[in-house]
There are 4 protein chains.
Amino acid sequence: MMEDITIRFEESIAPEDRTAPIMIEGLPGIGHVGKLVAEHMIQELGAVRIAEINSIYFPPQVIIQEGGTVRLCNNEIYRYSGEKGTYLFLVGDFQSTSGEGHYLLSQVYVDICHQLGVRRIYTIGGYGIGHFNEVTRVIAAVNREDLRQQVEDAGGIFSEGEPGGGIIGAAGLMLGLSIPLGIEGICLMGETSGYLVDPRSATTVLSVLTKLLGIEIDDAKLTERAGEMEVALQRLLEQERKSEEELSYIG
Amino acid sequence: MMEDITIRFEESIAPEDRTAPIMIEGLPGIGHVGKLVAEHMIQELGAVRIAEINSIYFPPQVIIQEGGTVRLCNNEIYRYSGEKGTYLFLVGDFQSTSGEGHYLLSQVYVDICHQLGVRRIYTIGGYGIGHFNEVTRVIAAVNREDLRQQVEDAGGIFSEGEPGGGIIGAAGLMLGLSIPLGIEGICLMGETSGYLVDPRSATTVLSVLTKLLGIEIDDAKLTERAGEMEVALQRLLEQERKSEEELSYIG
Amino acid sequence: MMEDITIRFEESIAPEDRTAPIMIEGLPGIGHVGKLVAEHMIQELGAVRIAEINSIYFPPQVIIQEGGTVRLCNNEIYRYSGEKGTYLFLVGDFQSTSGEGHYLLSQVYVDICHQLGVRRIYTIGGYGIGHFNEVTRVIAAVNREDLRQQVEDAGGIFSEGEPGGGIIGAAGLMLGLSIPLGIEGICLMGETSGYLVDPRSATTVLSVLTKLLGIEIDDAKLTERAGEMEVALQRLLEQERKSEEELSYIG
Amino acid sequence: MMEDITIRFEESIAPEDRTAPIMIEGLPGIGHVGKLVAEHMIQELGAVRIAEINSIYFPPQVIIQEGGTVRLCNNEIYRYSGEKGTYLFLVGDFQSTSGEGHYLLSQVYVDICHQLGVRRIYTIGGYGIGHFNEVTRVIAAVNREDLRQQVEDAGGIFSEGEPGGGIIGAAGLMLGLSIPLGIEGICLMGETSGYLVDPRSATTVLSVLTKLLGIEIDDAKLTERAGEMEVALQRLLEQERKSEEELSYIG
């Protein structure tokens with residue numbers, strides 16, 4: 001029988017080359033701000049894939065890759081260790097399709113962090129405001145009060161009542177579930193109009209995040225990457241809409 | 001792996017300081033009458049938090065608190081022991097998002113009651129009538145026929161066909177599930193127009209409840225608290241509506 | 001923790017007073033034909049309640065009974081043993097709210113039949129045709145070819161393509177799941193316009209069923225009972241519609 | 001209790017008469033292209049049923065067969081072994097009704113393949129384009145790059161961005177889930193307008209598939225079979241639509 005959630009570490013990577021003090025989560029979400037920031041960093045830093053996560057809580061489909069080969073939907077963990085520090089990145093195709101799955105997957109993510117020595121998690125997301133703005137703020141939340149000052153110093157904004165009272169999905173749950181494990185959690189949400197991949201919002205979030213990390217990451221290619229991601233995502237979303245029709249037809 | 005439902009008692013509170021003969025449930029519901037009554041009593045009596053309940057059956061989000069720190073959605077148990085008696089209170093952010101979750105959570109609640117020596121459960125709710133009324137009745141139901149007289153003496157009304165034939169969620173299920181445990185159950189539902197936090201309905205329910213408990217609770221701050229709760233809840237509801245959009249987008 | 005499905009036999013009834021060679025299922029469904037037939041027989045024969053079934057797959061609500069006491073939603077087994085034979089009856093408030101629950105509950109029902117010595121199951125339902133008919137046919141299906149002749153002799157009709165290709169819920173699944181247990185299964189579906197409790201359809205089904213059983217049951221009170229059931233069901237259905245609104249509000 | 005997924009092999013068939021190097025999956029889907037191709041091959045080759053799969057993830061209904069007998073919804077495995085080779089076929093009434101069920105069933109299917117010595121799986125489906133085409137292409141995907149050439153040689157087309165980025169249901173998941181088992185996977189999707197059983201699309205897919213298998217299968221009866229299947233499926237679909245109404249009514 002399939003496990004509800006499966007984690008497979010790359011066997012070629014030694015256990016001691018999996019650890020890191022910091023995890024940066026950038027799963028799909030509003031404006032795909034988190035996904036864009038995390039995947040940009042992975043590419044700029046040359047981070048290496050160390051683990052793959054599959055789950056029955058992801059949509060029941062495979063992804064067709066260039067060249068016509070398929071792979072299961074997944075979430076992936078990348079790792080960078082070099083002169084700019086040591087980081088893990090959590091990225092992927094989808095989040096859970098059910099509320100229960102969100103909890104169970106997020107718990108697995110923070111458990112992995114715990115095992116790999118992570119002491120701080122950054123979750124990156126978008127904050128949909130439904131219209132275009134001249135200035136992009138980075139709204140923040142933390143899982144310990146003593147983290148607030150450094151986030152503000154880096155340009156993150158704590159604005160009462162924004163977002164409305166909650167943060168949904170992995171970006172929120174990983175912060176909450178890491179509290180009993182003693183892992184610090186910081187959520188950075190870039191304001192964005194809504195449903196398009198938003199490189200400007202991602203650029204602003206990246207600048208706050210890198211200030212917090214104390215490193216510099218070139219953002220020149222962010223806009224280009226946003227364009228490529230937009231094309232890929234439109235395809236996926238279209239497919240997803242179609243899938244729901246089909247599922248209701250074949251199920 | 002995350003447990004489907006987790007109960008964490010405050011370690012600083014000795015087991016013998018957790019027990020009580022009476023539990024008052026006031027989870028969110030129609031007009032948030034139960035939530036308002038229970039939280040008002042907690043504050044007026046200065047009840048102390050003794051346990052927190054988390055569950056994958058709650059919405060997959062964290063709550064942002066004042067100051068920008070997050071916490072998991074939860075239900076909480078408070079306890080008061082003093083000159084006005086000894087009571088447990090069950091309050092929280094949400095009820096279950098699924099029918100199965102309603103049953104499983106309600107069973108956990110009555111099992112906790114059983115362990116903590118509870119001999120009577122009051123569940124408080126609203127009874128939506130869809131329009132504004134001059135007079136607010138308190139519709140009642142019980143899980144043992146011999147409880148009816150004292151509820152009527154205190155001002156509760158048993159009206160055949162009201163509510164229609166059922167009481168949904170924890171307010172109903174806790175009454176049903178406590179029967180095999182020998183725990184008495186009384187449900188008090190304040191008539192309310194519908195979706196606004198209704199302090200007048202809560203005041204009327206509070207007067208019936210306190211008559212049954214044989215104590216007095218000042219209701220002067222109920223209206224003020226209803227106003228604050230309304231603001232907080234509108235925020236949560238807005239967030240929840242948004243969450244569903246987002247979940248369908250990112251899932 | 002609550003079991004997903006719980007069966008409680010009345011302790012006052014000895015195990016040897018639970019068995020019967022025949023089970024008649026009449027759970028809620030189209031036109032409530034099955035419910036009406038089974039509950040009419042229970043009352044006419046004076047059958048005795050021997051078991052109650054609760055489940056997290058039923059709607060998360062309690063039923064308010066006359067007098068204002070509540071009880072959990074349930075399905076119940078009644079038994080009659082006397083000069084007209086020995087029969088079990090399966091009746092109840094609801095069927096499952098999910099597809100998986102339908103399977104799991106139906107499996108429990110046929111397992112109970114197996115334990116209690118049942119050698120034949122009759123499942124009774126309605127067959128919605130969407131309009132009123134002068135003549136009410138009883139459409140039949142069986143789980144063994146050799147049962148067909150006796151059903152036809154009693155007035156049941158096998159009509160290719162009716163119903164369309166499937167029988168949903170317990171009425172169908174109990175027939176399918178009882179095959180590997182060697183229990184005979186006969187489904188009798190009375191034609192009915194649709195959503196009203198239909199005493200004429202029930203009367204016709206009753207006549208076919210009693211011919212198969214080789215007994216007579218007075219049908220004089222069927223119409224009266226249908227009237228009462230209609231009132232009660234309208235109340236429940238109204239409540240259910242309201243419940244869904246409320247659940248989406250409080251969940 | 002019922003198992004979530006049950007596999008029953010025909011006892012009359014010896015274990016050594018269950019194995020095959022190739023599995024051809026043709027479960028219901030767009031245009032029922034896969035179902036039509038697989039069932040046509042089963043009939044033309046005279047393949048023998050060796051196993052039946054039941055599951056709580058299938059719709060909660062029984063199928064009424066000719067003659068008025070019922071059977072549970074199922075998926076079935078057929079086997080042919082003769083001068084044209086040795087093949088397994090996976091066909092059935094439905095796919096899963098839930099995303100989680102799709103994963104769990106597909107995992108069972110590839111595990112069965114693994115046990116029965118299968119080294120290559122062909123999954124057959126339709127690719128809905130929403131309009132009628134003069135020419136029917138067969139869009140392909142594979143689970144290993146080295147399979148691409150032989151598929152192209154047989155007439156399969158690898159078209160970037162078609163289908164949109166994913167293949168849903170068993171046709172996709174079986175390819176993905178068979179990778180860690182070392183089983184080759186090839187998906188062939190015949191272009192089709194959409195919701196009608198499409199014998200022309202099936203004919204084209206059959207020609208590509210048989211070229212890959214190195215055998216010939218007469219396609220003369222495909223159109224006739226498509227007509228019969230269309231009648232049966234319309235009946236099932238109508239029933240399914242009705243079932244959803246009924247389930248929401250009785251549940």
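Is A:I179 buried, partly exposed or exposed? In this predicted model, A:I179 is partly exposed, with a relative accessible area of 37%.

**Residue A:I179**
- A:I179 lies in the loop of chain A that runs between α4 (170–177) and β11 (184–192).
- Not counting residues up to four places away in sequence, A:I179 touches A:N143 and B:V70.
- Between A:I179 and A:G169 the separation is ten residues in sequence and 16 Å in space, C-alpha to C-alpha.

**Helix packing in chain D**
- Two packed helices are described by the angle between their axes and the distance between the axes.
- In chain D, the axes of helix α1 (residues 33–45) and helix α5 (residues 199–213) cross at roughly 60° and come within 9 Å. That angle makes α1(D) oblique to α5(D).
- The crossing of α1(D) past α5(D) is right-handed.
- From α1(D), the residues D:V33, D:L36, D:V37, D:H40 and D:M41 meet D:P199, D:S201, D:A202, D:V205, D:L206, D:L209 and D:L213 of α5(D). By class, this contact has ten nonpolar, two polar and no charged residues.

**Nonpolar core**
- The largest nonpolar core has 228 residues, of which D:I24, D:M41, D:F89 and D:L188 touch the most other members.
- Leaving aside residues up to four places away in sequence, D:L188 has contacts that include D:I124, D:V138, D:V151, D:V205 and D:L209.

**Chain pairs without contact**
- Chains A and C do not touch, and their nearest C-alpha atoms are 12 Å apart.
- Chains B and D are likewise joined by no contact, with their closest C-alpha atoms 12 Å apart.

Technical notes:
Residues are numbered from 1 along each chain as its sequence is written. Chains are lettered from A and ligands numbered from 1 in the order in which they are written. This is a predicted model: local features need pLDDT of at least 70, side-chain atom pairs count only at pLDDT 80 or more; totals for chains, interfaces and linings use all residues. Side-chain values use heavy atoms; hydrogens and water are left out. Axes are lines fitted to C-alpha atoms, for helices over the stretch in contact, and angles run from 0 to 180 degrees between N-to-C directions. Helices (H or I, at least four residues) and strands (E, at least two) are DSSP runs, numbered from the N terminus. Angles under 35 degrees count as roughly parallel, over 145 as roughly antiparallel, 65 to 115 as roughly perpendicular and the rest as oblique. A crossing is left-handed if the near helix is turned anticlockwise from the far one by less than a right angle, and right-handed if clockwise. Contact means heavy atoms within 4.5 Å. Ala, Val, Leu, Ile, Met, Phe, Trp, Tyr, Cys and Pro count as nonpolar, Asp, Glu, Lys and Arg as charged, and the others, Gly among them, as polar. A nonpolar core is a set of buried Ala, Val, Leu, Ile, Met, Phe, Trp, Tyr and Cys residues joined through side-chain atoms within 4.5 Å. Buried means under 20% relative accessible area, exposed over 50%, partly exposed in between (1.4 Å probe, protein chains only).
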